[in-house]
Amino acid sequence: MDANVDQIARELAALNQRFVDLGAKLGEAAQALDATGAPPANGLVEALAGARGQFVQLRAQALSAADAAGVPPPSEPQSLNEIEPLLAAIGEALRGRARREALEHAQQAAVTTIDRVLEIIHQDDPAFSTLVACHAKARDARAAILALTELESDDARQVMDGVRAFADLLTMVETREGLDDDRYAQLEESVSRGFGRALAVAAARGRIGFEGEFVEPPPAPEAAPEPAEEPSEALPTEIEAVMASAAEATAGEALPLESEESALPEEPEPASETIAVEEPAPDAEVATDPSAPDETAQWWLAAWARWSGWKSSHDFVAAVREELGKYPYLLSVPIQKSPEYEDGLLAYGYSILMDHVERQNPGCVGNALNSLKPGQTRPVGEQLYDYLITEGRLRETYADFVKNTLVAAVPEPGVWFQFRILESKEDTRLLQRPSARIGDTELSGQRLASDGQRYNEHKFKMTLGPLTTRFVLVSADVKEARGAGFKLVGDGAPSDSGWVVSVSAGNRASGKNEARRIGEDGLHVPGLGKDHPALWVAVFNPDPTAERRYELSVFLRRDAKSPFRTKG
């Protein structure tokens, strides 16, 4: 947009000079007309008409730029002198927008670092004084960062510079094994200066880290069990606890739905070839302690309680927009692991899955607790999960759940995507999340400049947990119609576990989205850019028990033709 305004300004200067020249010639023609009665030459008349047309075109460009920048003119300019101040106002508005975007990006990056620091714990001492003091400073710094209104002041620079010590502490804790001596010494000095020597020593010795990283000592031998009593008709303790928690969660008033709380390098120009992008490998999971209390039903309690609160006052679409507006990566997390995210709040978002299940089999959700059988040795959460799979027919209907959710969620609030293709007139950019952390907000990638690289097959590899979905966003900032083809392979075989959802350029306001299934032979979507500014691709794993590896191929074409050969 800045380049567009600069171009308009250059055209304005050139047209202003042309008007000066034409004014001089018009003055001479006026004198001749007055003295001899000779009319102006045809060339002068044509030049005046051409200049008038240039002015009208330039005015239209300026008004369009003003509308895009949110600068309404007081009236339509009637002269070059009125266009000039309008361009100045547009430039100032764009600079203000750029400053706000830079501030938001800096705040987001800094808050992400500080939030991660707040998750650090001490292996032995929950009240470790220097860590407690560090967390207090982190909370103060977080509040100061979010209170910033601009980045250029000395106070803002001081606040943002203070994040460095937190980032250094995080580096010491997360990558202590991969640091060389010089880098380690720098980090230790920074942490000691910011939070005290004791915290730097604790980080060096591995005494601080994150929940689940520390190896627990083996439990003491248990005393000999008491003689077994006669069987009772009562439900097991775990099931009683779940029923009591569920009753408490749904007692009283219904829960309201709202109550929960990079510059890219340009690639060299090799011969045309398929480009593959693969998500980073996830961290190894930490085994759970089999002797721990059964808390496996927390996901069900949260989702059920939430759904019970809004089912009579909200429809599915409204609930999807509310939940994904808070946690756009919801569908990428397995439902049984959802209590491990956002301090357990993410699990409430799966109320939309409860609603889907209830629609498949009315009464299914309400009868779930009654399905628990006494004497079962399996965890309660697993029993409830199996119940939803069978009675809610999730294996057969998960595809429809994904489609309906994506149709409701785009273009706003949108969903968290693992990969993105950004097509423009000048280049094509392939972006991906730099880490395997679900919900990662950063993006990195590469820029493709040659047609051989751009209009080719681009592969994206991903591993999906049971009943989860990953998303890929393909967007185009061009006026021409591009072609986009999609093909999916799951565990080495052609797969139809994918949807492509588009919002047509003329239907953004009405939100009329179109969903198309990716068939085993592929799917061609013409009109990317001209008719469809963005295509949202959902790759889903309908298996409720096993992970699956998928490879999505996206074929871009400069024209709108299909990249697939037709039969016959």
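At roughly what angle do the axes of helix 3 and helix 4 cross? The tour of this predicted model begins with that pair.

**First stop: the helix pair**

Please select residues 80-117, which form helix 3, and residues 129-146, which form helix 4. Their axes come within 10 Å and cross at roughly 160 degrees. Because an angle over 145 degrees counts as roughly antiparallel, helix 3 is roughly antiparallel to helix 4. The crossing of the two helices is left-handed.

Next, display the side chains at the contact. On helix 3, select Gln107, Ala110, Val111, Ile114, Asp115 and Val117.

Now turn to the open sheet, in which 7 strands follow the order 6-5-4-8-14-11-12 with mixed pairing. To find its edges, select residues 444-448, which are strand 6, and residues 513-517, which are strand 12. Each of these edge strands pairs on one side only. Across the sheet, neighbouring strands are turned against each other by 15 degrees on average, with direction ignored.

Which residue of strand 6 is the bridge partner of Leu430? Selecting Leu430 together with Gln446 displays the answer: Gln446 is that partner.

Methods: Residues are numbered from 1 along each chain as its sequence is written. This is a predicted model: local features need pLDDT of at least 70, side-chain atom pairs count only at pLDDT 80 or more; totals for chains, interfaces and linings use all residues. Side-chain values use heavy atoms; hydrogens and water are left out. Two strands pair if DSSP finds at least two bridges between them. Helices (H or I, at least four residues) and strands (E, at least two) are DSSP runs, numbered from the N terminus. Axes are lines fitted to C-alpha atoms, for helices over the stretch in contact, and angles run from 0 to 180 degrees between N-to-C directions. Angles under 35 degrees count as roughly parallel, over 145 as roughly antiparallel, 65 to 115 as roughly perpendicular and the rest as oblique. A crossing is left-handed if the near helix is turned anticlockwise from the far one by less than a right angle, and right-handed if clockwise. Contact means heavy atoms within 4.5 Å.
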